[in-house]
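Okay, thanks for coming, everyone.

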Amino acid sequence: MKSLIDILDFTVEELQELIDTANDIIEHPAAYSERCRGKKLATLFFEPSTRTRLSFEAAMYELGGNVIGFSEAASSSAAKGESVADTAKVISCYADIIAMRHPKEGAPLVAAMNASIPVINAGDGGHNHPTQTLADLLTIYREKGGFENLTVGFCGDLKFGRTVHSLINALSRYAGVRVVLISPEELKLPSYVKKDVLAAKGVPYEQTTDLESVMPRLDILYMTRVQRERFFNEEDYLRLKDSYILTPEKLKNAKAELCIMHPLPRVNEISVAVDDDPRACYFKQVLYGKYMRMALILKLLKEAGTL
Ligand code: NCD
């Protein structure tokens, strides 16, 4: 059964196929409005989310399908002590596809190993977030026309930011990509990502604490929120939370065609004064996420033989 747990579960060709489908959906939404009639998506969210869960729900509704599920662990049988493996087996009897978010790294993988329907990882702890990466890839593709030869800056909480880990994995497969890692010392990209992804794939990268000094070279600036919920103590969070605040002033030396991205929710990392800048792409990114989730649901249901 094909699931999406890690962005590397898809080849570069499969990612392009999803991008092509999403672009087609954007152009011909009516042609897709009945594709999932009678099918059910189960959204199993053991950790709070607004955007990702509602994006999945909107995606399934726009395909003509239905949605069941829960939005917090307290309202599921997990509160009674049920294992993720059992939950996956049970939900397989009710739905055609699962989207799962869980605070524990690896939980969606366990679900996929036990479910008889496709499972989509909608975020597992500080680990991965492959469907955000799908949104990010469509944004980059539509803004830049492709992925080759881009210099991509990641700024903020690179330690706990799962969207960063997944997107770096995805981009490491395209030729000529260069990565600039901008973070406080304490929130640097984990060494397993540097070693197993960037170094292993030969992606040139550099690390800095200073956003403004690298700004002129960036084609993409991926801002992130400091992940409060993954900190061990509040003092550290308070000290680090406003490490980077993007303002129009700081964009003065940026390229005219820079693409500014953010997976959202935004806290303080991007001043609202930047929102009117034509280089701000983060709200488009949200919309693209819905189209990519539609393309993903279609692909996985087809591969499962359900459609
Ligand atoms: C991200 C996440 O959940 O990791 N949000 C999202 O899904 N768009 C980023 C974040 O929470 O900071």
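Before we start, a word on what I mean by domain: the bounds I'll quote come from an automatic or database domain assignment. And keep in mind that this is a predicted model.

So, the ligand. The shell around it takes at least three residues from domain 1 (7–128 + 287–303) and at least three from domain 2 (130–285). By type, that shell splits into three nonpolar, five polar and four charged residues. Among them are Arg-51, Thr-52, His-129, Gln-132 and Arg-225.

Which side chains reach the ligand's oxygen atoms? Arg-162 has a side-chain N or O atom 2.8 Å from a ligand oxygen, and for Arg-101 that kind of distance is 3.2 Å. On the nitrogen side, a ligand nitrogen is 2.9 Å from a polar backbone atom of Pro-263. On its own the ligand would expose 320 Å², and the protein buries 95% of that.

Where does the ligand sit? In the largest pocket. Two elements, α2 (51–62) and α6 (162–171), each give two or more residues to the shell.

Most peptide bonds are trans, and most residues other than glycine have a negative phi. The Leu-264 to Pro-265 bond is cis, though, with omega near 5°, and both of those residues are around the ligand. Pro-265 is in the loop between β9 (259–261) and α10 (282–303).

The other one is Asn-149: not a glycine, yet its phi is positive, about 60°. You'll find Asn-149 in the loop between α5 (130–144) and β5 (151–155).

How values were computed: Residues numbered from 1 in each chain as written. Predicted model: local features only at pLDDT ≥ 70, side-chain atom pairs only at ≥ 80, totals over all residues. Heavy atoms only, no water. Near = heavy atom within 4 Å. Polar contact = N/O pair within 3.5 Å; in protein donor to acceptor, adjacent residues only side chain to side chain. Areas by Shrake-Rupley, 256 points an atom, 1.4 Å probe, with all protein chains shown as cover. 1 Å grid on protein atoms, 1.4 Å probe; cavity = no way out; pocket = protein on both sides within 12 Å on 5 of 7 lines; lining within 4 Å. Sits in = over half its atoms within 2 Å of the grid points. Helix = DSSP H or I, 4+ residues; strand = E, 2+ residues; numbered from the N terminus. Nonpolar A, V, L, I, M, F, W, Y, C, P; charged D, E, K, R; others polar.
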